[in-house]
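Here are my notes for your first look at this model. Keep the structure open beside you and go point by point.

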Amino acid sequence: MARAAWYAYVGLVWLLLAALVLQIFYAGMGLFGSSHDMAPHIGLGWLLHLPVLLVLVAALVARVGRPTIWWVLAMFVSGAIQPFLPGLRDDLPLVAALHPLNAVFLTVVTVKLAVDTLPRKRTAGEA
């Protein structure tokens, strides 16, 4: 079961990374496109809760190790608060302004998790 969970974890991390790249594109389309429609960005943002949660579950079942679990938890918390930040623009605009910065953090952590799943060549000193 742990082996299947590992493959699920790897696939979900890479899927999440691809979705985050698409999410950044949708944000750019909404800000700079001719229609200024943020609906695709908002819709995908809410859908991203599921893969973020599934990565956490898969990581726990796959027993990826304590350091990786901490990174996954950071990704989970960042992903969980991300869609709520823009809603604070009227009451707490400085907190709402963290939305793009949190998106960068979420993407960087996901890149780190994805890269860590890649097999690496060992040097002679590591063998």
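How many nonpolar, polar and charged residues are in the lining of the largest pocket? Point 3 has the answer. Note that this is a predicted model.

1. **Overall layout.** Start with the whole chain. The protein has six helices and zero strands. Read from the N terminus, its elements run α-α-α-α-α-α. The C-alpha trace spans about 55 × 30 × 30 Å along its principal axes. Of the 127 residues, 34% count as buried.

2. **The largest pocket.** Rolling a probe the size of a water molecule over the atoms shows where empty space is left. Here the largest pocket has a volume of about 720 Å³. Its lining is made up of 27 residues. Look for Q23, H41, Q82, P86 and H99, which are the closest of these to the pocket centre. The largest share, seven residues, comes from α1.

3. **What the lining is made of.** Now the answer to the opening question. The lining of the largest pocket has 17 nonpolar residues, nine polar ones and one charged residue.

4. **Helix α6, length.** Does the length of α6 agree with or differ from what its residues should span? At 1.5 Å a residue, the 19 residues of α6 should span 27 Å. The C-alpha atoms at the ends of α6 are 27 Å apart, so the two agree.

5. **Helix α6, its faces.** The buried residues of α6 are H99, N102, L106, T107, V109, T110, L113 and A114. Seen down the helix axis, they fall within an arc of 165 degrees, so they line one face of α6. L101 and V108 are exposed, on the other side of α6. One of the buried residues, H99, is also among the residues closest to the centre of the largest pocket.

6. **The salt bridge.** Side chains of opposite charge can pair when their charged atoms come close. How many salt bridges does a search of the whole structure find? The search finds one. It joins the side chains of K112 and D116, at 2.2 Å from N to O. Both residues lie in helix α6, four residues apart, which is about one turn of the helix. An α-helix has 3.6 residues a turn, so residues three or four places apart point the same way. Are these two partners buried or exposed, or in between? K112 counts as partly exposed because its relative accessibility is 28%. D116 also counts as partly exposed, at 45%. The cut-offs that matter here are under 20% for buried and over 50% for exposed.

7. **Two backbone angles to check.** Most residues other than glycine have a negative phi, and most peptide bonds are trans. Which way does H36 go, positive or negative? Phi of H36 is near 55 degrees, a positive value in a residue other than glycine. H36 lies in the loop between α1 and α2. H36 counts as exposed, because its relative accessibility is 51%. R63 also has a positive phi, near 55 degrees, and is not a glycine. Find R63 in the loop between α3 and α4 (66-81). At 74% relative accessibility, R63 counts as exposed.

Definitions and conventions: Residues are numbered from 1 along each chain as its sequence is written. This is a predicted model: local features need pLDDT of at least 70, side-chain atom pairs count only at pLDDT 80 or more; totals for chains, interfaces and linings use all residues. Side-chain values use heavy atoms; hydrogens and water are left out. On a 1 Å grid over the protein atoms alone, a cavity is a set of points where a 1.4 Å probe fits but cannot get out, and a pocket is an open set with protein on both sides within 12 Å along at least five of seven lines; lining residues have an atom within 4 Å of a point. Grid points are joined across faces, edges and corners, and a volume is the space filled by probe spheres set on the points. Helices (H or I, at least four residues) and strands (E, at least two) are DSSP runs, numbered from the N terminus. Ala, Val, Leu, Ile, Met, Phe, Trp, Tyr, Cys and Pro count as nonpolar, Asp, Glu, Lys and Arg as charged, and the others, Gly among them, as polar. A salt bridge is a side-chain nitrogen of Lys or Arg within 4 Å of a carboxyl oxygen of Asp or Glu. Buried means under 20% relative accessible area, exposed over 50%, partly exposed in between (1.4 Å probe, protein chains only). The expected span of a helix is 1.5 Å times one less than its number of residues. The arc is that of the directions from the helix axis to the C-beta atoms.
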